[in-house]
Amino acid sequence: MQRPFLILAILMVLAGLAYLLWGGLEENMVYFVTPSELRVKGEGAVLVPVRLGGVVKPDSVRMNGAVLTFDLTDDIQTIGVTTTKAPPQMFQEGMGVVVEGSLQPGGRFLAERLMIKHGNEYRPPATGEMPQEIYKSLERESDR
Amino acid sequence: MSPVVYLGNGAIALAIALSLFGILLFYASIRIGSPGAAPWAPAPWARAAHYLNFALMTAASLAMVYALLRDDFSVSYVAHVGSRETPRWISAISLWSSLEGSILLWVWVLAAYSALFVYLNRERETALFHWAGLILLVIQCFFYLLLALAANPFLPIDLPPLNGPGPNPLLQNHWLMAVHPPCLYIGYIGFSVPFALALSVLLSDRSDLSDLSDWTALARPWILFPWSFLSIAIVLGGWWSYAVLGWGGYWAWDPVENASFMPWLSATALLHSMMVQERRRLLPLWNISLAVLTFLLTILGTFLTRSGVLDSVHSFTESHVGPYFLVFISLALAVSLALLLWRGASLKGEGRIENLFSLEVLFLFNNLLFLSFLFVVFLGTLYPLVVEAIRGTRLSVGEPYFNQMTVPLTGMILLLMSVGWITPWGRGEPGRFFRQIRGPLLASLLISALFVLLGIRNPAVVILLFLSVLVFFVILFEALRHGGGSPRWGRRIAGLTAHIGALIVIVAVSLSSAYERDQEMALKKGEGVLFGGYRLTLDRVVAEEVPQRFEVKAVIQVERGGKPAGILSPQMNFYPNSREPIGSPAIRSSLLEDLYLTLIHFEKDGSSVSLRAMVSPVVSWIWVGGGVVMLGGLWSLISGRKKGGEGR
């Protein structure tokens, strides 16, 4: 007499969980796209949160007060990105970056996060990124 | 060629041979049956294979540490992760800073567990223990083959380089790197023993067990020990992420974090359901399945973190171990399922549920909740991988999914906990239950009201706080009422301790994640900015050269309430083997709150910096709580060895 009751209770818990999972998973998926893929989606992509990956287009980086704008490209399509987040130290033109945010109705991408894409293989720094360059202009701890 | 190369490869080859030899000998013992049935007993020789394997792997691991300390670049692993400039303590722990070395550490720990297990049970010459010894050798054999074929750290390098690149910069930043990985390994790998025991129960005739619940007594210490270490390892992993990565958080439902958490969830479910078998002779097959599941999840976790399917600091570089792990998981899963189906029917629980209001039913729901939790995490972790494999689109499941799902589950687990500690086995009495819950309920309502008055208004946080405080008072009243009188007191108070540790973690996580404040700020030299009750002033930007890297530090003066509160220097570290600098946050930690500063950007003339500043309440209690959970687990292990009487 008690067994069906117990099974019913277990089923109720599982049904509740399934219901939550159904909505939760679909709602919170963030797709990783390239500028071309985002353009193909057209209006359907507006205000949908995604991660957009590409290369920072040369000569496109502008710093206007706290607002940073640059163009992100995959060599086929280019999307203008706006963000108020401070860029990481090594952020520069020609670099692979990933931005998280969404396409705005005007066609620009508003980024809430800006990450530098790096592989797991550690490459030595290229010219211009050499740490010594940065280091030269700073006060040295040992000089004090 | 370096002698380390000979020693390492020799040890691996010999260990493979010894494992095969031991497997045959254990099998022969099982076929022979009772000792004395044959003129020659093979089991002691099979156990000797275990001891020798442990000795060999100890030698191989120490030889590798020696080669790392001596910068012997003619050994492939040293050439891969070593460098002359690396501080020596980091060189020594580089044993686990990349794939090959970490697999070597894995087999060392596995061989240690196996040798200890067969040694402690050397007097028990029965099929059950021979099967367990055999299965442990099969698992070892897989890892030895993996070392030899896909992840050999002992390859010779004919023209050794003069210097190496050094370990991954992220892994040479913090003392926790010396602690978190070994703890995780002791946790993860330890679940091989209960797995071996579970399959042995299915494979043997169990003539040496007086009844099935003996299995739980046998397996209990071998589950509690790794469980305690896995608990602290997960927390230490969060702490490492907090202290090193500079994003200010400690947990992001990242697949590698989930990989460590999933076996913990199933092992925790097992620790509870085992008690049902021990006390009520129910769920024998279920417990065996959970032991199998926990082991499979550790191998799955290793596959996820080590094969390179994920982008992570744990996946090191492109590696070839993925297919090996997939084959191993599939085989282990197939064999376990076949055995469960084939032999499982013989494992009938003898007891039955007498009443719905009883501890055994509550434990049933405990298992349901923990497994639901596990399923939620499993789905969120593997779904993106499956979609990518099938459709080729890359996606990630956001943190909100995990939080939406796990917060209610945590609440239900807390509710169950509060009821469970005052519900007896067999049949509970509602009248007595209400008398026991009245006091704690009143106390926790009052305290929650106080929290609300103090400004904590987030409904989810208030509910979790209320339930946590309720459980705390139930446990406290329970401890006060019983004193040292009850026969199972030692084990019970150890269990209470572990639960209090869990409560500390839950409360600290909910408060710190709901009430953290963060802000990005630009600071000019000499200028002060107010944030979260602190005044932050940039004093200067300095650079310093140390052997393995050089560092740029923003020296920030911190004032609180007009009084100086120390100096924080978030820094960026530039490594010769890395294009991007690796940040080191600076943290001012107290029991009430942490001030956390990350250097995002600095002007090359040192005139200004961009910082990310965070204030998170009670974060440090998470690490404390993790330690308390571990203590509770180990305490329970010690006190469980004495046979207690019935009743409570």
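This is a short walk through a predicted model, chain A and then chain B.

Some ground rules. Local features need pLDDT of at least 70, side-chain atom pairs count only at pLDDT 80 or more, and totals for chains, interfaces and linings use all residues. Residues are numbered from 1 along each chain as its sequence is written, and chains are lettered from A, with ligands numbered from 1, in the order in which they are written.

Chain A. It has three helices and eight strands. The order along the sequence is α-β-α-β-β-β-β-β-β-α-β. Of the 144 residues in chain A, 19% are buried. Buried is 20 or more other C-beta atoms within 10 Å of the residue's own, exposed is 12 or fewer, and partly exposed is in between, with C-beta atoms placed from the backbone.

Now the cores. A nonpolar core is a set of buried Ala, Val, Leu, Ile, Met, Phe, Trp, Tyr and Cys residues joined through C-beta atoms within 7 Å. The largest one has 179 residues, and B:Val107 and B:Phe143 have the most contacts inside it. Helix H9 of chain B, residues 214–245, gives the most to this core: 17 residues. A second, separate core has 29 residues, including B:Leu523 and B:Met614.

What does B:Val107 touch, leaving aside its neighbours within four places in sequence? The contacts are B:Met57, B:Gln140, B:Phe143, B:Tyr144 and B:Leu147. Contact means C-beta atoms, placed from the backbone, within 7 Å.

Next, domains. Chain B is divided into domain 1 (1–167) and domain 2 (517–620). The bounds come from an automatic or database domain assignment. Taken over C-alpha atoms, the centres of the two domains are 44 Å apart. Six residues from domain 1 and four residues from domain 2 make the contact.

Last, the strands of chain B. Strands pair if DSSP finds at least two bridges between them. S4 (residues 534–546) and S5 (residues 549–560) pair antiparallel over 12 bridges. They form a hairpin with two residues between them. B:Val546 has B:Arg549 as its bridge partner.

S5(B) has other partners. Four bridges join S5(B) to S6 (residues 563–568), again antiparallel. There, B:Gln557 stands opposite B:Ile567. In that hairpin, B:Gly561 takes a positive phi near 55°. S5(B) also pairs antiparallel with S7 (residues 571–574), over four bridges. In S7(B), B:Phe574 stands opposite B:Phe550.

Terms used:
Contact = placed C-beta atoms within 7 Å.
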